[in-house]
Amino acid sequence: MAAAPLETGIPGPVGDKYIGNLHAFSSDPLRFLTDCSRAHGDVVRIGEHNVLLSAPGDVETMLVDREGRFTKRSPLTLRRGRKQGFPTAMMNSDGPDWQAKRHRMQPAFGRALTARAAEIVDAQGERLLGGWRAGVPCRLDEDVPRLTLRLISELMFGSAFSDRDVADVARMVAPIMDMSTSPLLLPEWWPTPAKVRIRRSAARVDAVLKALADSPHAHDPERAPVLHALLHGDPRPTAEEIRDELGTLVMAGFETTNDSVVWASVLLGRHPEAAERVRDEAAAAFAGAPAGIARMEALPYTHAVVREALRLYSPVWLSSRDALRDVEFGGLTIPAGTTVTVSQWVAHRDPRHWERADSFRPERWLEGSAPAPRGSYFPFGLGPRVCIGAAVATTETVHIVADIWRRFRLELIRPERIRPRPALALQPTGVEAVPRDW
Ligand code: HEM
């Protein structure tokens, strides 16, 4: 869909004559989006065909999209998807096609899956954390992804990835993460290093995904509920759909959970009092309740820490849709074809809606605190396209964080070097830590 350039009535930074705001966005996207919202208001023109929305009500209206005025299959998604992604997956579909695919998968993501996630975390957590030694630096950037990849593969597909599969998938995910999430597009032919590396690893990844679909567990609804729902659901998926769906489940389920575990640990490393509180709560919960929903209920403070980590460092830091027709926000008309973006990073730190917005305060999530307005907190999105794995991801993150911190206190080495890297997910970089005995 070709959009007319935005009318100047929508406020926003002027940008460079030739490349607009592309440079400002790519050099520091978090700052660029924050500055745009703070300086120009709740509806900001951030590119020739791009608008950022920041008012909670507008964010909610756009994501919930009751009137079907937006599409996810924007030229951006399609370009990315066709060339180096998973274009037929539920995540990249829209309209009745998306609805049928979501309907096929949704039943597999019930309470039973969440309970199973907790049990698997217990076993895989022991495997990883049992190997950590007090005083010996641990590689959070290698260990946690290995753990979350094993978890997601065992949970979704019935068998944990082998070390070789873990390495192959990690090699695939790394360059995909390196691709820009920028709603301001580089030309299609632009040979970014990420694109080249993705193309190179594609064949091996296809083989890993095909092996999953062909595995004997694929037809066992108890052991591989998600894979079973996909293969046996209605409508029957094509071979391409199976590959795309598996690819997005691995991608969506692994990197984000990994990032949320590491961010929560970084925040606990910086806040010893909160860390002690997690330790005490986790020690009691692991001693008193079996892995699963009961233990989750015994970890309210750890859950609050994870919510707060997802507020400050939301792994998904922006979401975009294309307007199918003219839409009005804040009294301004946004023409059909415009890419409309909302940013978790901006909304979750907006001082108008959060007291001491930049501070780590898990208490704000405990009983008795005022709820944040819908549209000012959406780490898992909102509305019909909300993350299908939200409950699984929360359970996994809370259990892993509790398991780490009941065993060890993580001492961060050079914490000032830790930075968010806004790739496809908001990755923590520079995280080095030494586990210490309590
Ligand atoms: C902390 C971890 C996670 C975070 C922060 C996260 C975040 C999100 C967000 C924000 C969306 C909506 C994007 C949009 O509206 O454009 C989404 C969608 C999705 N997520 Fe997650 N996610 C996480 C974990 C998972 C897990 C564990 C799985 C699978 C097991 C998963 C599978 C999906 C899928 C399939 C969709 C697309 C849903 C649809 O289009 O109907 N995610 N996720």
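**Ligand site and helix packing in a predicted model**

Cys387 is placed in the loop between α15 (344-348) and α16 (390-407). Helices (H or I, at least four residues) and strands (E, at least two) are DSSP runs, numbered from the N terminus. The model is predicted: local features need pLDDT of at least 70 and side-chain atom pairs count only at pLDDT 80 or more, while totals for chains, interfaces and linings use all residues. Residues are numbered from 1 along each chain as its sequence is written, and side-chain values use heavy atoms, with hydrogens and water left out.

The ligand is surrounded by 25 residues, and the closest are Trp98, Arg102, Arg321, Arg385 and Cys387. A residue is counted as near a molecule or strand if one of its heavy atoms lies within 4 Å of it. By class, this shell holds 14 nonpolar, 7 polar and 4 charged residues. Nonpolar here covers Ala, Val, Leu, Ile, Met, Phe, Trp, Tyr, Cys and Pro; charged covers Asp, Glu, Lys and Arg; the others, Gly among them, count as polar. At least two shell residues each come from α5 (95-105), α7 (140-157), α11 (239-270) and β4 (319-323). The largest share, 5 residues, is supplied by α11.

In Arg102, an N or O atom of the side chain is 2.8 Å from an oxygen atom of the ligand. For Arg321, a polar side-chain atom lies 2.9 Å from a ligand oxygen atom, and for Arg385 an N or O atom of the side chain is 3.0 Å from an oxygen atom of the ligand. A polar contact is a pair of N or O atoms within 3.5 Å; within protein, one must be able to donate a hydrogen and the other to accept it, and residues adjacent in sequence count only if both atoms are side-chain atoms.

Two local backbone features lie in loops. The peptide bond from Asp234 to Pro235 is cis, with omega near 0 degrees, and Pro235 lies in the loop between α10 (225-232) and α11. Arg356, a residue other than glycine, has a positive phi, near 40 degrees; Arg356 is in the loop between α15 and α16.

Helix packing was also examined. The axes of α11 and α16 are 9 Å apart and form an angle of about 40 degrees, which makes α11 oblique to α16. Axes are lines fitted to C-alpha atoms, for helices over the stretch in contact, and angles run from 0 to 180 degrees between N-to-C directions. Angles under 35 degrees count as roughly parallel, over 145 as roughly antiparallel, 65 to 115 as roughly perpendicular and the rest as oblique. Helix α12 (residues 272-288) packs against α14 (residues 300-312) at about 140 degrees, with the axes 8 Å apart; therefore α12 is oblique to α14.
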